[in-house]
Every structure is written in structure tokens, then in C-alpha cells.
Amino acid sequence: MIGSPPRDGEVAALLRVLHSQRRHVLGILDGLDAQALRRPVLPSGWHCLGLVQHLALDVERFWFRAVVAGDAQVIRGLPSGDEAWTVAPDVPAAEVLDGYRRETERADAVIVSTSADAAPAWWPHDLFGEPHLHSLRDVLLHVIAETACHAGHLDAARELIDGRRWLVLT
């Protein structure tokens with residue numbers, strides 16, 4: 001995590017949970033080669049690398065740098081569809097995984113500098129209508145849930161790829 005730890009105990013607790021889910025995302029993929037990371041195993045056709053890129057761009061970047069921080073450059077660069085799920089064949093797997101790590105660091109910088117009660121600086125009315133997330137707290141809870149859901153998707157994909165299971169005992 002870059003920046004100083006949040007002064008708000010609630011934000012610090014939520015950030016610890018988010019860090020745990022992020023570690024799960026990367027941990028379940030540990031040891032897979034580039035070919036396995038690109039292998040679709042479900043009928044929908046997505047692959048692990050595409051899901052990680054989606055988490056980096058459509059989740060971490062979108063919710064923290066665009067919605068919470070209102071970064072105009074990020075907002076202007078937002079895709080209009082599901083482009084984040086597509087990883088070009090010439091993009092190395094390590095680049096996508098490192099991109100996710102960098103985006104989580106940028107998100108953490110926004111999180112630690114924002115009050116739990118702070119309203120979003122920008123809201124995508126065209127996508128979601130009226131705001132349904134009203135504070136950093138709400139966005140953090142949303143991103144924790146989405147990241148956990150996708151970590152579960154990665155669990156299933158990994159088990160289908162090579163039988164490895166991610167067991168969380170604590």
C-alpha cells in the first residue's frame with residue numbers, strides 16, 4: 001500500500017479486507033503459465049488474465065480513481081464496453097498482473113486520502129442512473145464484494161485448469 005495508513009479505523013478495516021481479497025485474486029493464479037492464464041474454461045469464454053485486467057480497469061481504476069477521486073483523465077479514458085476483458089495476444093501475462101498491482105496501489109492512495117463519508121466526486125449516470133453508492137464506505141463495500149465474487153470465479157477456473165484449490169482456513 002502506498003501512502004500512509006488511513007486515520008479512520010473503519011476505512012483501515014475495510015482496506016484490510018480488500019487487501020485480503022486482492023491477495024486471493026493473485027494467489028489463486030500463482031504458478032500458472034501464460035498459456036494457462038489465457039485458457040478459457042467456461043462456456044462464456046473469459047480467461048483468468050482477462051478477469052484480472054477487468055478487475056484492474058473496470059473495478060479498481062473505475063471505482064476509486066474515476067468515481068471516488070473524479071480524475072478527469074481517467075474518466076475521459078473509460079471504455080464504453082467490455083474492452084477490459086480482452087487482452088491482446090502480444091501483451092505479456094506479467095504486464096497484466098503488474099498492471100493490476102499498480103492499479104491497486106493507485107486505488108489505495110485514493111482510499112487513504114479520502115474520508116469514509118466523502119461523497120463520490122463523479123457518478124456515471126449514463127451507466128447506473130441515480131447514485132446508489134453515496135460514500136467511500138459504500139464504494140469500498142461494493143469493490144470488496146465484486147473482488148470477492150471474481151476471486152471465486154478464479155477459484156473455479158483454477159480448479160478446472162489444473163485441480164488446484166484455494167483453501168481459506170481463517
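A pocket is an open set of grid points with protein on both sides within 12 Å along at least five of seven lines. The close-up views below are taken from a predicted model.

**View A. The largest pocket of the predicted model.** This pocket has a volume of about 310 Å³. Of its 15 lining residues, D58, F62, P79, L127 and F128 are the closest to the centre. Two or more lining residues come from each of α3, α6 (125-128) and α7 (136-162), and α3 gives the most, with four. By class, the lining of the largest pocket comprises nine nonpolar, three polar and three charged residues.

**View B. The second largest pocket.** About 180 Å³ of space lies in this pocket. Its lining is formed by Q53, A56, L57, V91, E95, V96, G99, Y100, R102, E103 and R106. Five lining residues are nonpolar, two are polar and four are charged.

View C. H54 belongs to helix α3, which covers residues 48-68. H54 counts as buried because its relative accessibility is 8%, and buried means under 20%. Beyond its neighbours within four places in sequence, H54 is in contact with V59, A84, W85, E146 and H150. H54 and H150 are 96 residues apart along the chain, and their C-alpha atoms are separated by 9.7 Å.

**View D. The largest cavity.** One cavity of 30 Å³ or more is found in a search of the whole structure. The largest cavity, with a volume of about 30 Å³, is lined by R39, V41, L42, W46, H47, C48, A157 and I161. Six of the lining residues are nonpolar, one is polar and one is charged.

Notes:
Residues are numbered from 1 along each chain as its sequence is written. This is a predicted model: local features need pLDDT of at least 70, side-chain atom pairs count only at pLDDT 80 or more; totals for chains, interfaces and linings use all residues. Side-chain values use heavy atoms; hydrogens and water are left out. On a 1 Å grid over the protein atoms alone, a cavity is a set of points where a 1.4 Å probe fits but cannot get out, and a pocket is an open set with protein on both sides within 12 Å along at least five of seven lines; lining residues have an atom within 4 Å of a point. Grid points are joined across faces, edges and corners, and a volume is the space filled by probe spheres set on the points. Ala, Val, Leu, Ile, Met, Phe, Trp, Tyr, Cys and Pro count as nonpolar, Asp, Glu, Lys and Arg as charged, and the others, Gly among them, as polar. Buried means under 20% relative accessible area, exposed over 50%, partly exposed in between (1.4 Å probe, protein chains only). Contact means heavy atoms within 4.5 Å.
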